[in-house]
Amino acid sequence: MKIIITGASGFLGSWACRILSEKYEILALTREESDLFRLQGIDTISILSLKTEEWPKQIIECNPDVVLLLNWKGVANKDRNSIDQFENIDLHSNLINASIHSGVSKVIGFGSQAELGPVANLIHDDAIDAPTTAYGRAKVECRNIGLQLTENTGTEFIWGRIISTYGPLDSDIWLIPSAILSMMQNQKFNSTLGEQKWSFLHAYD
């Protein structure tokens, strides 16, 4: 099986490359300016660093069986309401259309809890959309577009909602790495009172 992974240099993208390359042929698509340190040591993948406008062409030329859309611009909290969030919608649409044109069997996109807005209780997979940020609204739009574009085609669209991951190679801006770094440097770690119940998923899982 041949798989294209977009956003392969990111935290989850690199883990997908690392795990799936043990069984499948992987083409990792990254932006020209991306730091590829997370992909070091994965010798069984092919890496292409290109402008995002060129990614759809690569899907058509490569003719993969599956495409994993793990690219996203503006994941950090400071970017959650940036207008740049909506650039992701155009890129996802172009990648999905290229996948349909190429006869890709499955396109898998990835959402988050941001589609649901703040939730005080357990999150279930049938929860209703209630995004409160541009990030969440863009995620919902990408999911809906994917379902609409692939309807009545030979391409199946799957949306996986991944919530609160952690693990090696994570960015130091997130909760667990930043807490560890503060303790290593004997610095006070500023946090809330810790009254929330919050589940974390290891990136390998």
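Predicted model: local features only at pLDDT ≥ 70, side-chain atom pairs only at ≥ 80, totals over all residues.
## Basis of the model

Local features require pLDDT of at least 70 and side-chain atom pairs pLDDT 80 or more, whereas totals for chains, interfaces and linings use all residues. Residues are numbered from 1 along each chain as its sequence is written, and side-chain values use heavy atoms, with hydrogens and water left out.

## The second largest pocket

The volume of the second largest pocket is about 380 Å³ (the space filled by probe spheres set on grid points joined across faces, edges and corners). A pocket is an open set of points on a 1 Å grid over the protein atoms alone, where a 1.4 Å probe fits, with protein on both sides within 12 Å along at least five of seven lines; lining residues have an atom within 4 Å of a point. Of its 20 lining residues, A16, L20, L68, F110 and I162 are the closest to the centre.

Two or more lining residues come from each of α1 (11–20), β4 (66–69), β5 (106–111) and β8 (201–202); helices (H or I, at least four residues) and strands (E, at least two) are DSSP runs numbered from the N terminus. The largest share, five residues, belongs to α1.

## Cysteines

The structure has zero disulfides, a disulfide being a pair of cysteine sulfur atoms within 2.5 Å. The sulfur of C17 lies 13 Å from the closest cysteine sulfur, that of C62, which is too far for a bond. For C142, the nearest cysteine sulfur is that of C17, 20 Å away.

C17 is buried, at 0% relative accessible area (buried means under 20%, with a 1.4 Å probe and protein chains only). C142 is also buried, at 1% relative accessibility.

Technical notes:
Buried < 20%, exposed > 50% of the residue type's maximum accessible area, 1.4 Å probe, protein only.
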